[in-house]
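Please read the following report alongside the sequence and the coordinates. It takes up charge pairs, backbone geometry, a pocket and a surface patch in turn.

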Amino acid sequence: MTINCAIIDDEPLAAGLLKSYAEKTPFLHLIGTYGSALEAMKELRDNPAQLLFLDIQMPELSGIEFAKILPPETKIIFTTAFQQYAIEGYKVSALDYLMKPISYDDFLKAANKAMDWFTMSQKQQTYAKDRFMYVKSDYKLVRVALDEILYIEGLKDYVRFYLASGEKLMSLMNMKKLEEYLPKPEFMRTHRSYIVHMTKAQSIDRFRIVFGQEYIPISDSYKDDVQQYFDQHTLV
């Protein structure tokens, strides 16, 4: 996978350094380097970048202001000499925040974080479109239809899939990564140990999700998101 990226920085030396870093990173394809957000806005309209290395403190339009008008599919790694902007950066869902002067090691770590995000997003879209996934179980790959999954239970290094057929499937898998890959909000984390296929939930009782005789807990960490989902699907 190759990520189309662009650099926006009004400091020529900083922009040149980032350009050299991007050009030697195999999975990055640099489509442009721009001295201001306004210049980038004009050029990227017809040839959008997936990832921006974006300076924050720039004249006319700051990186934070520019980030707020970008489409959500455009991801951002902020680059700045001022640490006080970190909180603002994360408010606009930046993937990372690099402090100048930026070493190649730090640049590569941030770029790899972006690669992880795009890979995850691509898989999530594939699962949502194709409606199935393959999981490793008992030394073989087993096809699991998303519509067959009722809920998933995390068991230390393993997860257990509970299927509509009554079958239970164990797989060595990371619960957090599985949560990232499954399409949202169709699948939601309700508890540290549970991911629920929300369209399959039969009812909610005392803030527990009911599947037949099974009750799936909803922990405080996830109750607001779960409540919002049910509110959106409740006829009042």
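## Salt bridges

The side chains of Glu153 and Arg160 meet in a salt bridge with an N to O distance of 3.4 Å, where a salt bridge is a side-chain nitrogen of Lys or Arg within 4 Å of a carboxyl oxygen of Asp or Glu. Glu153 is buried, at a relative accessible area of 14%, whereas Arg160 is partly exposed at 23%; buried stands for under 20% relative accessible area, exposed for over 50%, and partly exposed for what lies in between, with a 1.4 Å probe and protein chains only. This is a predicted model, in which local features need pLDDT of at least 70 and side-chain atom pairs count only at pLDDT 80 or more, while totals for chains, interfaces and linings use all residues. Residues are numbered from 1 along each chain as its sequence is written, and side-chain values use heavy atoms, with hydrogens and water left out.

The structure holds 14 salt bridges. Another of them joins Arg131 to Glu186, with the closest N and O atoms 2.7 Å apart. Because Arg131 lies in the loop between α5 and β6 and Glu186 in the loop between α6 and β11, this pair ties together parts that are 55 residues apart in sequence; the helices (H or I, at least four residues) and strands (E, at least two) are DSSP runs, numbered from the N terminus. Arg131 counts as partly exposed, at 24% relative accessibility, and Glu186 as buried, at 16%. Arg208 and Asp205 also meet through their side chains in a salt bridge, at 3.9 Å from N to O, and here Arg208 is partly exposed at 30% relative accessibility, as is Asp205 at 29%.

## Backbone geometry

Which peptide bond involving Lys100 is cis? The bond in question runs from Lys100 to Pro101, with omega near -5°, and Pro101 is placed in the loop between β5 (96–99) and α5 (104–130). The peptide bond from Lys184 to Pro185 is also cis, with omega near 0°, and Pro185 belongs to the loop between α6 (175–181) and β11 (187–191).

Tyr139, although not a glycine, has a positive phi of about 65°. This residue sits in the loop between β6 (132–137) and β7 (140–145), and Tyr139 is exposed, with a relative accessible area of 90%. Phe207 is another residue other than glycine with a positive phi, in this case near 55°; Phe207 lies in the loop between β13 (203–205) and β14 (208–211) and is partly exposed, with a relative accessible area of 27%.

## The largest pocket

The largest pocket holds about 250 Å³ of space. On a 1 Å grid over the protein atoms alone, a pocket is an open set of points where a 1.4 Å probe fits, with protein on both sides within 12 Å along at least five of seven lines, and lining residues have an atom within 4 Å of a point; the volume is the space filled by probe spheres set on the points, which are joined across faces, edges and corners.

The lining of this pocket comprises 18 residues, of which Leu150, Tyr151, Tyr162, Phe211 and Glu214 lie nearest the centre. The elements that give two or more residues to the lining are β8 (149–155), β9 (158–163) and β15 (214–217). By class, the lining residues divide into nine nonpolar, four polar and five charged, where Ala, Val, Leu, Ile, Met, Phe, Trp, Tyr, Cys and Pro count as nonpolar, Asp, Glu, Lys and Arg as charged, and the others, Gly among them, as polar.

## A nonpolar surface patch

Tyr158, Met170 and Leu172 form a nonpolar patch on the surface, and their accessible area together is about 300 Å². Patches are made of residues with over 30% relative accessible area and no salt bridge, nonpolar side chains (Val, Leu, Ile, Met, Phe, Trp, Tyr) being joined within 5 Å and like charges within 9 Å; accessible areas come from the Shrake-Rupley method with a 1.4 Å probe, and for residues only the protein chains shown count as cover.
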